Every structure is written in C-alpha cells, then in structure tokens.
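Dear colleague,

Please find below the structure that I promised to pass on to you.

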Amino acid sequence: MPSPSAQPAASPGALRFSVLGPLTVHRGERELPLGPLKQRMVLATLLGAVNSPVSVDALTEAVWPEEPPRTARKNIQVYVSALRALFGQDDRDARDRPRLTHTGGGYVLRVTEEELDLLTFRSLVRAAEGRPPQAAARLLRQALDLWRGPPLGDDLRQSPTLAEEAERLRLRHVTAYESWAEAELELGRAPAVVEGLRDLVERHPLRERLRSALMCALSASGRQPEALAVHDDYRQLLARELGLEPSGAMAARYRAILAGDTRAAGAGTAGGPPGARPAAVPQAAVLLPPDLVDFTGHGEELHDVLDLLEGDHGDGGAGGAGGVAGAGEAGHVVLLSGPAGAGKTTLAVRAAHLLGSRFPEGRLCVSLRDADGRTRSLSAVLAELGERTGRTGLSTPEAWREWLARHQVLVILDDVPEERAVRALLPCGGQGRVLLTARGQLGGLAPVHRITVPPLDTAEAVQLLAGLVGPRRVRADREAALRIVRACGGSPLAVRVSGMRLAVLRHVPLREFADRLTDPTGALDELTAGDVSVRQRLAHGWETLPEERGRDAGRLAAGTGDGPFGLTEAAEALGCDERHAMRVVEALIDAGMVTSPGGEVTAHAAQYDMPHLIRLYARGAGYGTPVLT
C-alpha cells in the first residue's frame with residue numbers, strides 16, 4: 001500500500017475540501033464560492049463529522065446557537081440544496097451514492113481521504129506512530145505542512161459548536177508538532193525546532209509536553225540557562241493558575257539539565273555533547289504502543305528505569321530503586337510492579353520511546369495475557385516474539401535467549417501473571433534487555449531490579465485531570481477536582497477514565513461527579529469510559545488469585561477500615577493469630593493486593609495498606625470469587 005502523501009494527486013475536476021485553515025473547497029485549481037456565512041457553517045459542521053450522519057438538530061444548534069427561527073429546518077434544507085448544486089452530483093463515479101445525502105433525520109457528507117486535508121493529516125499522523133525517528137519526522141512534517149492557518153478561519157468560530165471543533169483541531173496540530181519536534185530532537189536537530197516550540201509555548205503556556213520539548217531543544221543547543229528558565233516560568237505559572245507544581249518527570253528533567261546530564265536533551269542526544277547528532281544506526285523494528293502525549297508523574301521511577309537500562313552496570317550490583325533480588329548482571333531485567341491502573345505499562349512504554357539510541361536494533365512490547373486477562377501460553381508468546389523480530393526460528397526458549405543475547409534490543413513483557421509465565425524468556429547476559437510489568441512482585445525471579453510504581457500524588461493527579469477536562473473547568477471548582485482525584489486513589493487509569501467521562505459529559509459539574517465517586521457502592525460503576533473499565537482491570541487481577549487468597553483479601557478489605565492497618569488488625573479481620581496473619585499479608589504483598597512500608601521495619605510494627613480501588617472492589621466481591629458486572 002503506498003504511503004500517504006501530503007499532496008495527493010487530483011484529477012482536474014476533483015473536489016478538494018480544506019478545514020486546516022480557512023474553510024475552502026476547490027474543484028481542480030478553481031476555488032468554489034461557498035455562499036453566505038450560515039451556509040458555510042452548515043458545510044463546516046458536516047465536514048467536522050465527515051462520512052457520518054449529522055442530525056438537523058445538531059446543524060441547527062451550530063448555525064443558531066441561541067434562538068433558532070421557526071424556519072430553521074427549511075433554511076437548513078435550502079443551504080444543503082445549494083451545497084449539492086455547488087458540488088454537483090455528477091462528480092462521483094457512482095451516482096447511486098451521491099456526495100451529500102439525507103439519512104435518518106440528518107445529512108451525510110461523503111468525502112475520501114484524498115479529498116479532505118483533515119483526513120490526510122490524520123492518516124499521516126497515524127502512519128508516523130511507532131516509526132523510527134527519521135521516518136516519523138518526515139511523515140509528521142508532511143502532516144504539518146497541510147496547515148494554512150487557524151482552523152476554519154475567524155468568521156466560522158462565531159458559532160460555539162464550530163469554535164469547539166476549531167479548538168479540537170488546533171490541539172491536534174499541537175500534538176503533531178510535539179511529536180515532530182521530539183523526533184527531530186532524537187535525530188540531533190535541536191536548533192531547528194527551538195523557535196517553533198517557543199512560539200507554541202507562548203500560545204499554550206500550560207502544556208507540559210511543549211515545555212519539556214523546548215527545555216530539551218534549548219539544552220541540546222547549548223542554551224542551558226534558557227532551558228532552566230523555561231522550567232522556572234512554568235513552575236510559577238502552574239502555582240499561580242492551578243496551585244500545582246510541575247510533574248515529577250518535568251522536575252527530574254530540570255535537575256538533569258542543572259547537573260549537566262546530556263540525556264535531558266532527549267533520547268537522540270544521549271551520550272554526546274549538547275546538539276550533537278547521534279551516530280547513524282540501522283533502521284530498527286519499533287513495535288511499541290504510542291507514547292501518551294499527557295504522560296504525568298512517575299518522574300523518579302522513569303529516571304531509575306532509564307539509568308538501569310541505559311548503562312553498563314557490570315555484574316552483581318545491588319543498585320536500582322526498590323532494591324535487587326539476587327545477584328547477576330545489573331540492568332538486564334527490570335520489573336515495574338504495582339496494582340492494576342498504576343501506570344506500569346505507560347511508564348514502560350515512555351521509557352522505551354526514550355531509549356531509541358540505546359537499542360538501535362529494536363524495541364517491542366508483547367503482552368503475557370490475552371484480551372480476557374488469561375495467561376498466554378509460552379509457545380504463543382514465543383511465536384509473537386519471533387514474528388515481531390522477523391526471526392521465525394525462535395520457537396524455543398533457548399533459541400530466543402541466544403538471539404536476545406546477541407542483539408541490542410529492548411523487550412517489554414507486559415502484564416506478567418506469574419514467574420513461570422516469563423522465567424524462560426529472560427536473558428542470561430548479553431546485549432538484550434527486558435522490562436517487565438506485573439501487578440505482583442514476582443518474588444521467585446532473580447536477578448531482577450524491582451521498581452514499585454506508586455500512586456500519583458495529588459498535584460500530579462489534578463494536572464492529569466486538568467489536561468483531560470480543561471484547566472478552566474478545574475480552576476472553577478478546584479475542591480471538587482481534589483475530591484475526584486482522591487476518590488481515584490492516585491490511580492492514573494482511574495483519573496484518566498474520570499477525565500474521559502467528564503470530557504464527554506460536559507454538562508455534569510465536577511462537584512456532582514465527585515459525589516458519585518465518593519459513594520463507595522457506585523464508584524467503580526462510574527469509572528468506565530467506552531470500552532475502558534477500571535472494574536474490569538481489577539477483575540483480571542483478582543481472577544489470578546488463588547481462591548483462598550481472594551477470600552483473605554476480601555476479609556482484610558472489609559475488616560481493616562479505610563486506611564493503613566497493623567498486624568493486630570489484620571489478624572482480627574482474618575480471624576487468625578498474628579503469625580498466620582503475617583504470612584497472609586506478605587502473600588498479598590507479593591500478589592500486589594497490599595502495599596508495604598517503604599523502609600525497613602519489623603512485621604509487628606509495620607503499617608500496611610490496601611490500594612483504595614482494590615479495597616472497594618474486594619468489599620463488593622465479598623469473601624469468595626467476585627461477582628463481575
């Protein structure tokens with residue numbers, strides 16, 4: 001299939017619609033007159049939902065947002081008729097499928113990808129996902145070159161509906177520019193992106209990804225004082241506007257630049273002087289999920305992962321956050337552990353995207369569970385690894401480990417259910433590295449560097465929520481926003497789902513949604529957005545527990561209140577002596593259902609805790625197998 005092009009060839013009579021700038025329609029080289037303002041509003045609304053039905057009510061609201069005339073429906077018909085005449089029904093090969101049709105109480109405008117600049121833009125951006133930096137930068141540059149100014153122009157934004165659509169388009173442009181700039185940084189072309197990033201930061205001052213990229217670009221251009229000033233300005237703005245601090249990742253980048261760490265300039269310049277272009281490497285297989293544009297928090301953990309996977313730490317080291325179980329080659333296997341929704345996979349993927357220059361022969365991600373949460377067989381995982389690396393002969397664990405030892409690749413083995421599901425896939429030395437994610441601690445694996453992924457702190461969670469629902473909405477009721485993120489227990493997944501729901505339910509005040517989440521009987525039912533369900537994620541983790549352990553977790557959840565608990569309280573809730581309670585609690589720590597103290601303390605003096613959402617799920621499940629809804 002040919003790759004998308006920013007300037008697709010068009011026949012002399014072909015129509016070309018443009019919304020990435022002033023609304024225009026061309027037939028060949030000739031621009032068509034689109035008629036009066038309200039007729040153009042109808043066209044812009046149809047193009048905003050191209051190839052999908054738009055109801056007459058939606059068109060009416062876009063054209064007359066306050067008080068539509070009694071003749072509104074008739075006027076819409078007139079505008080549609082004029083647009084049909086303008087486009088002509090003989091410009092398509094199939095006359096039985098006209099361009100603008102009435103269907104189901106509304107209208108559909110049918111446009112191909114080559115005919116609408118927005119569809120071409122989306123295709124190019126999708127094509128860039130997961131590609132090596134050089135290819136990604138080229139495709140994203142083509143996508144950005146389609147823009148001719150503010151989307152839809154000024155006059156159409158008189159309509160609140162179209163103003164919202166223009167804002168969504170504008171944010172798509174910013175996101176694509178961020179991705180392009182990051183690809184350019186990875187290629188060592190920092191000076192080329194500085195001014196463009198600076199202009200966008202002025203227009204989007206609260207967008208952290210832009211600020212971070214600008215800091216990288218300035219640092220890699222040898223302008224460290226300016227890079228540090230970008231962070232200081234952002235910190236003051238966040239405190240003034242939202243009462244927040246920059247995320248942990250942003251703070252870690254600041255500290256790295258302050259310390260002269262060239263990695264702070266971006267993955268493309270790691271290991272060389274600021275602004276230096278990395279040595280050419282062969283095109284590698286990059287088979288990763290997209291990096292989240294609004295990655296928030298977990299800056300220290302990200303820094304630890306990068307340190308472990310980037311460096312040659314020698315043998316037998318005991319470094320790394322969370323400590324190391326056993327001796328062996330440091331950094332070959334890193335485990336990110338934490339409860340469902342803690343952000344383990346997101347953190348692993350972010351690290352893998354940043355480590356392109358360290359692993360020139362490939363980076364990939366393979367899940368150890370299927371879509372229903374069941375453990376995949378070793379043969380199925382090996383088959384996928386072989387397919388993704390282009391080595392179909394890797395059908396045995398021995399062949400896989402031998403290949404891994406000889407290649408500079410980073411493999412994310414995601415959502416590991418238990419030790420035996422992954423033990424045979426781990427390296428025994430050599431050049432390859434493996435990054436594991438699991439809900440439990442996988443205590444039977446060694447040597448492994450273990451990093452616990454903690455909940456987001458309150459400021460980070462509010463920042464993530466603000467990025468999803470809008471800073472103004474959070475500023476308008478900050479107390480409700482705080483209640484929402486606290487009810488999510490610091491889970492990035494839960495905060496993200498809350499934000500996704502509120503972004504759709506624009507009519508629901510934050511205070512009302514906070515009330516729903518603080519009702520323990522219905523909180524998990526609220527944490528669902530489309531096909532993303534917090535309850536379902538928790539259920540998958542619960543199903544892997546032995547029945548006895550599930551019953552123990554339910555009893556602890558029901559009998560230890562809503563905060564930390566000691567061994568005496570655990571024994572009372574479990575109905576056993578403290579010695580047995582200690583074994584149960586430690587088994588649940590290993591399973592990722594209970595958290596333990598950060599420092600060393602005796603078991604009898606320790607205060608344990610159960611993550612808030614797991615506690616809610618366990619209480620709803622009772623003492624046995626949970627009832628899924």
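In what follows, axes are lines fitted to C-alpha atoms, for helices over the stretch in contact, and angles run from 0 to 180 degrees between N-to-C directions. Helices (H or I, at least four residues) and strands (E, at least two) are DSSP runs numbered from the N terminus.

This is a predicted model, in which local features need pLDDT of at least 70 and side-chain atom pairs count only at pLDDT 80 or more, while totals for chains, interfaces and linings use all residues. Residues are numbered from 1 along each chain as its sequence is written, and side-chain values use heavy atoms, with hydrogens and water left out.

Helix H17 (residues 478-487) packs against helix H19 (residues 510-517) at an angle of about 30 degrees, the axes being 8 Å apart, and the two are therefore roughly parallel (angles under 35 degrees count as such). In this packing, Ala480, Ala481, Arg483, Ile484 and Ala487 of H17 meet Leu510, Arg511, Phe513, Ala514, Asp515 and Leu517 of H19, where contact means heavy atoms within 4.5 Å.

An open sheet is formed by three strands in the order E1-E2-E3, with antiparallel pairing (two strands pair if DSSP finds at least two bridges between them). Strand E1 (15-18) and strand E3 (30-31) are at the edges with a single partner strand each, so one side of each has no neighbour in the sheet. Strand E2 (residues 24-27) is joined to E3 by two bridges, and histidine 26 stands opposite glutamate 31 in E3.

Overall, the chain has 25 helices and 15 strands.

Best regards

Note on methods: Parallel < 35°, antiparallel > 145°, perpendicular 65-115°, else oblique.
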